[in-house]
Amino acid sequence: MKPALQDGRSASRSQVWKQLWLTSLLFVTAGFSLMVGGSSIGPAEVMALAWGEASDSARTIVLDIRLPRILLAMLVGAGVAASGAVIQGLFRNPLADPALIGVSAGAALFASLFMLLGGTSAFAMLGLAGSAFTGGLLATWIVLIVGQRGGGISTMLLAGIALNAIALSGVGLLSYLSSDVQLRSISFWALGSLNGASWSGVIVALVIPVAIGFMLLSARALNIMTLGEEEARYLGVSQDKLRVRVILLSAVAVGVGVALTGVIAFLGLIVPHLVRMMVGARHEVLIPGSALLGAFLLVLADLFSRSVFAPAELPVGILTALIGGPFFIYLIVSQQKERLTL
Amino acid sequence: MNLAAVDVSYERGPVRILERVSVEFQAGRTTALLGPNGAGKSTLIRLLAGFMAPTEGVVTLDDRPVDSYSLSARAKMLGVLTQKSTLEFPFTVSEVIEMGASTGGANSHAVSAAAASAVGVDPNRVYTTLSGGERQLAQIARVLAQVWNRGSDAFLLMDEPMTALDLKHQQRVAGLLSNLKASGMGQVIVMHDINLAADIADDVVLMSEGAVVAAGETRAVLTLPNLERTFRTPMSDVARSDVPYFRARLQD
């Protein structure tokens with residue numbers, strides 16, 4: 001891992017510049033993304049729209065289809081990546097991930113259950129989000145209980161892995177029981193896609209930046225927690241309180257994201273790694289940096305997934321897994337000498 | 001301020017790790033905890049630090065039970081160095097030291113810089129790229145920064161601070177501890193090097209199999225019969241033989 005070799009003060013200045021740079025990159029990509037899509041509405045029409053001179057169909061496509069989709073990609077990408085950062089800090093393990101403590105799988109199971117039982121009600125979107133959130137919360141709650149009984153962090157990680165397997169086989173069982181139409185929506189959704197983005201989804205997803213804001217309040221405690229549970233106590237930080245706070249906040253950020261877009265693989269694992277290489281490990285900069293890079297990468301991945309095979313589109317979760325998986329293996333191999341332990 | 005364990009026992013499951021241990025530590029004195037592996041030294045440090053509660057007996061800090069203080073209040077009174085830290089993230093050394101300094105209070109930037117230069121570790125390096133000994137120095141600096149200016153209002157509890165250090169840095173840390181002692185800070189230090197303990201400790205507590213073998217002023221306690229009883233191995237008093245004996249001189 002390439003270290004940021006600066007003293008405290010100049011490091012923080014360059015960290016600010018990097019975050020600003022990332023922010024502008026995000027908005028440029030988002031703007032570009034607004035001009036690309038299955039229909040032939042290009043830069044000229046989007047510009048015209050800005051001056052209020054576009055056709056109704058162009059207005060609908062850009063404002064009601066592309067814009068909410070891009071905003072949703074930003075919010076969900078930010079939520080998953082920021083959760084990855086805080087979960088890794090809490091578990092003191094750079095290989096931890098929201099998926100590893102069962103949030104994603106729990107949310108996936110409950111969302112599938114909702115699709116199978118009541119998917120077409122008037123409150124479909126809210127019901128789906130609510131049940132996915134409940135599933136994510138339930139899974140993390142079980143992991144927390146196991147951790148408090150068995151004590152250790154590694155116990156919690158192992159419980160999360162087991163819970164993950166159980167929930168995913170549950171999703172498998174549900175898709176076996178479902179009709180063809182339901183099956184298609186379950187599997188499409190389990191792969192992760194921004195296809196169903198809408199303004200109501202964006203509004204629900206606004207809870208994600210709120211959760212990220214609360215995560216930032218725990219930044220100093222998370223820094224200290226990385227020293228070890230015992231060491232943190234001697235510095236006045238209690239693992240029990242921090243654990244509940246961090247896990248609840250990531251259940252909100254990830255659970256809502258999973259509900260709206262399905263499972264976006266590997267973003268939560270890899271983004272914090274990249275951000276630590278850029279700006280260092282302090283959570284005060286790691287959390288906002290991860291949120292920004294996560295937002296940027298998901299907008300970018302979605303741009304690819306809907307333009308490469310246009311007018312057909314690839315579920316974006318497949319793309320993040322295809323790129324993220326090998327990259328993750330590369331990270332593990334290149335960091336062997338730093339003896340990462342799971 | 002004083003720190004004391006009164007008739008303290010500690011059991012984990014069926015195993016009795018500490019057996020009715022009573023020790024008292026005073027401000028402005030350095031006490032070395034010596035004993036073989038598994039004697040219960042680290043457990044005693046954890047009980048004194050309030051990380052675990054004794055099965056029987058009580059630990060008092062400034063004449064109050066140590067667990068009656070809040071975590072943050074305790075963090076200002078006790079700087080504790082453990083044997084292992086799990087830090088696996090690329091914090092810089094100065095960021096690591098800052099975690100201690102900011103717990104201690106005001107001027108944390110200045111205190112961090114002072115602590116880093118005092119122990120002799122480069123604050124700009126990244127922790128995960130350091131060797132074992134350098135990591136140990138960074139952790140020592142973090143704990144010292146936590147109680148830097150608190151003098152007799154704080155205690156230092158250190159579990160084998162010297163073990164991973166080379167001779168030069170051992171002497172450097174020893175010099176620092178002596179300065180902090182002069183400011184009134186009480187110190188309890190687990191050590192393995194008996195001669196180093198003889199150099200820096202005012203008092204020594206010898207422990208074996210969960211009990212105190214002998215405790216008191218260094219000169220009175222460090223005797224051949226006491227050491228052989230503690231370590232259960234034959235020893236010789238080198239100063240009285242003709243075997244060459246090398247040791248670093250303590251700097252002041």
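Strands β1(B) and β4(B), the latter spanning residues 56–61 of chain B, run antiparallel and are joined by five bridges. Val6(B) sits opposite Val58(B) in β4(B). Please keep in mind that this is a predicted model.

**The antiparallel sheet of chain B**

- The β1–β4 pair belongs to an open sheet of four strands in chain B, ordered β2-β1-β4-β5, with antiparallel pairing.
- At the edges of this sheet are β2 and β5 (64–65) of chain B, each of which pairs on one side only.
- On its way through residues 2–12 of chain B, β1 also pairs with β2 (residues 15–26), in the antiparallel sense and over eight bridges.
- Within that pairing, Leu3(B) has Phe25(B) of β2(B) as its opposite residue.
- The hairpin of β1(B) and β2(B) has two residues between the strands, and Gly13(B) adopts a positive phi near 60 degrees there.

**A parallel pair: β6 and β7 of chain B**

- Here the direction is parallel: β6(B) and β7 (residues 155–159) of chain B are joined by four bridges.
- Gly79(B) faces Leu156(B) of β7(B) across this pair.
- Leu78(B) and Val80(B) point one way from β6(B), Gly79(B) and Leu81(B) point the other way, and all are buried.

**Arg150 of chain B**

- You will find Arg150(B) in the loop between α5 and β7 of chain B.
- A polar atom of the Arg150(B) side chain is 2.7 Å from the backbone oxygen of Lys76(B).
- Although Arg150(B) and Gly105(B) are 45 residues apart in sequence, their C-alpha atoms are 9.8 Å apart in space.

**Where chain B meets chain A**

- In this interface, 34 residues of chain B contact 32 residues of chain A.
- About 2900 Å² is buried between the two chains, and carbon and sulfur atoms give 59% of that area.
- Leu71(B), Glu88(B) and Phe89(B) supply 23% of what chain B buries against chain A, more than any other three residues.
- Two salt bridges are counted between the chains; one of them links Arg46(B) with Glu230(A), whose closest N and O atoms are 2.9 Å apart.
- There are also six residue pairs in polar contact between chain B and chain A, with both residues at pLDDT 80 or more.
- On the chain B side, the elements giving two or more residues are α2 (71–77), β6 (78–81), α3 (93–104) and α5 (132–146).
- The largest share of that side, seven residues, comes from α3(B).
- By residue type, the side of chain B that touches chain A divides into 13 nonpolar, 14 polar and seven charged residues.

**Chain A in outline**

- Chain A contains 15 helices and zero strands.
- Of its 342 residues, 53% count as buried.
- Among the contacts in chain A with a separation of 6 or more, 79% come from residues 24 or more positions apart.

How values were computed
Residues are numbered from 1 along each chain as its sequence is written. Chains are lettered from A and ligands numbered from 1 in the order in which they are written. This is a predicted model: local features need pLDDT of at least 70, side-chain atom pairs count only at pLDDT 80 or more; totals for chains, interfaces and linings use all residues. Side-chain values use heavy atoms; hydrogens and water are left out. Contact means heavy atoms within 4.5 Å. Buried area is the accessible area (1.4 Å probe) that two parts lose on being put together, summed over both. A salt bridge is a side-chain nitrogen of Lys or Arg within 4 Å of a carboxyl oxygen of Asp or Glu. A polar contact is a pair of N or O atoms within 3.5 Å; within protein, one must be able to donate a hydrogen and the other to accept it, and residues adjacent in sequence count only if both atoms are side-chain atoms. Ala, Val, Leu, Ile, Met, Phe, Trp, Tyr, Cys and Pro count as nonpolar, Asp, Glu, Lys and Arg as charged, and the others, Gly among them, as polar. Two strands pair if DSSP finds at least two bridges between them. Buried means under 20% relative accessible area, exposed over 50%, partly exposed in between (1.4 Å probe, protein chains only).
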